[in-house]
Amino acid sequence: MHFKTSNRYVRKLAVSGSSYGNSPSYWNTGWTGLSNHTAYLPADTTSGASYADLYNNPFYGNNVQWVISNSYARCDDNGGVKKSSHQIWVRFDGLTASPTTAPTSPTESPTAAPTSPTASPTTRTPTTRTPTTTATASPTGSPTVVPAASCAEHLFRGHTSSGVYTVTSRSGSGLPRKRVYCDMEEDGGGWMLLYSYNRNLTTSRGLNSWTLPTSPTTGYSHSHLGSALGYTNANDVLDVR
């Protein structure tokens, strides 16, 4: 299962973590299949939980589910304990049509870089924004680099390798920073990993709420943008995959 959607309800769910007011039409229409997508869902969605987060049955159909829990995980199947690798990614607005022409940040680079996806990215027309690599001068006269607020902004600054980056949280004071995993290749890049859950038939691991995962292949972390980074507006999110 590999798809993206820009449905406002789904974007709001990524921000707030609340699926109140859910509807099948939010999932089974308006989505785009990405590389290697062969699943029945989300096209066969007939219902969705109205009490859960993104990971707990937000969309499902007859004998097909998307759900992860401490005891089982299901992806386009139903019943039993399954092997599973669940990932949810978000992309913020703010890319340019040609990210490679954007100015680069002076120092930031990823701390890890996995193998690039095999699929070619699809064409999209993002919104142009003004780069924020330089702010007002510090007392000593040296320029102060404004930390990137998202993976999309890192891509805008010219960072094209997937890996772990630092972003600035919008919550709290003093511009607190978070380490996040960015996919800079799939579907144009700029994706931040929001949920990651990997398990096999013999391993069950508790979900680590409020923690953003820093690997798409290991770890059991999930959060939503409100608790993790202080986002409150669904319009800040371009799409979810």
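Helices here are DSSP runs of H or I with at least four residues, strands are runs of E with at least two, and both are numbered from the N terminus.

Colleagues, the model is predicted: local features need pLDDT of at least 70, side-chain atom pairs count only at pLDDT 80 or more, and totals for chains, interfaces and linings use all residues. Residues are numbered from 1 along each chain as its sequence is written, and side-chain values use heavy atoms, with hydrogens and water left out.

I begin with helix 1. Within residues 8–16, Tyr9, Val10, Arg11, Leu13, Ala14 and Val15 are buried, that is, under 20% relative accessible area, where exposed is over 50% and partly exposed lies in between (1.4 Å probe, protein chains only). At the start of this helix, a side-chain oxygen of Asn7 comes to within 2.8 Å of the backbone nitrogen of Tyr9.

Next, Asn22 lies in the loop between helix 1 and helix 2 (25–28). Asn22 counts as buried because its relative accessibility is 15%. Residues touched by Asn22, leaving aside those up to four places away in sequence, include Tyr9 and Pro58; contact means heavy atoms within 4.5 Å.

Finally, the structure holds 1 disulfide, a pair of cysteine sulfur atoms within 2.5 Å. Cys151 is joined to Cys182, S to S 2.0 Å. The two lie 31 residues apart, Cys151 in helix 3 (residues 151–156) and Cys182 in strand 8 (residues 177–183). The S-S torsion is about -75 degrees, so the disulfide is left-handed. Both Cys151 and Cys182 are buried.

Key
A polar contact is a pair of N or O atoms within 3.5 Å; within protein, one must be able to donate a hydrogen and the other to accept it, and residues adjacent in sequence count only if both atoms are side-chain atoms.
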